[in-house]
Structure formats: C-alpha cells, structure tokens
Amino acid sequence: MDRIEKPLFIAQNTKDPNINARETIQFVKNLQKRNINVTYLENDGDPFNSKNDEGRQKLYTALESFLEVNLKKK
C-alpha cells in the first residue's frame, strides 16, 4: 500500500465469499489518509458482471467518470 501513488479505482461485491469487504474498506481509508485519490464502488447484490443491467450501468458510469478525471493530460 505504501507504494501506491496514483489514483485507484476499486469495485467489489460485498457478498463475494472470496473477499473480505472490511479489509478493502480499511485499505481505502488508509489510502485516503495519504491523500491518494480512491474511487470505491460497493455492490451488495448481483456481481457487477452479471446480467443485472442496473449494476453494470452503475459500474461503467463510475469507471467512465474516474477515467475522465484521471486520464486528462496535464
């Protein structure tokens, strides 16, 4: 975590049995304390890649906004 210096986009499904959502949230908080730009998107329903169009739209909208802000030429 100490080596991360660039903006970060994290999307996770809190119901995914393969992850520990609390650890990810703590990770995000620690990065924010270091003033790292973190976009964190949480979903507690269907996975983002499922057939749930609303969840996918939310993910893609957030990702598009993140990329628009963070890929601008300076």
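# Reading the helices, rings and core of a predicted model

Me: How far apart are the end C-alpha atoms of H1, and what should its 13 residues span at 1.5 Å a residue?

Reply: The expected span of a helix is 1.5 Å times one less than its number of residues. The 13 residues of H1 should therefore span 18 Å at 1.5 Å a residue, and the end C-alpha atoms are 19 Å apart, which agrees. This is a predicted model, in which local features need pLDDT of at least 70 and side-chain atom pairs count only at pLDDT 80 or more, whereas totals for chains, interfaces and linings use all residues. Residues are numbered from 1 along each chain as its sequence is written, and side-chain values use heavy atoms, with hydrogens and water left out.

Me: Which residues of H2 are buried, and what covers them?

Reply: Gly55, Leu59 and Phe66 are the buried residues of H2. Seen down the axis, they fall within an arc of 35 degrees, so they line one face of the helix. What covers them includes E1 and E2, whereas Asp53, Glu54, Gln57, Glu64 and Glu68 are exposed on the other side of H2.

Me: In what order do the elements of the protein chain run from the N terminus on?

Reply: The order is β-α-β-α, made up of two helices and two strands, where helices (H or I, at least four residues) and strands (E, at least two) are DSSP runs numbered from the N terminus.

Me: How many aromatic pairs does a search of the whole structure find?

Reply: A pair of aromatic rings is described by the distance of the centres and the angle of the planes. Rings of Phe, Tyr and Trp (its six-membered ring) pair if their centres lie within 6.5 Å, with planes under 30 degrees apart counted as stacked, over 60 as edge-to-face and the rest as tilted. The search finds one aromatic pair. The ring centres of Phe9 and Phe66 are 5.5 Å apart and their planes stand at 55 degrees, so this pair is tilted. Phe9 lies in strand E1 (residues 8-13) and Phe66 in helix H2 (residues 53-70), so the pair ties together parts that are 57 residues apart in sequence. Phe9 and Phe66 are both buried.

Me: Where is Asn35 placed, and does it count as buried or exposed?

Reply: Most residues other than glycine have a negative phi. Asn35, however, has a phi near 65 degrees, a positive value in a residue other than glycine. Its place is in the loop between H1 and strand E2 (38-43), and at 71% relative accessibility Asn35 counts as exposed. The C-alpha atoms of Asn35 and Glu5 are separated by 9.1 Å, although the two are 30 residues apart along the chain.

How values were computed. Buried means under 20% relative accessible area, exposed over 50%, partly exposed in between (1.4 Å probe, protein chains only). The arc is that of the directions from the helix axis to the C-beta atoms. Contact means heavy atoms within 4.5 Å.
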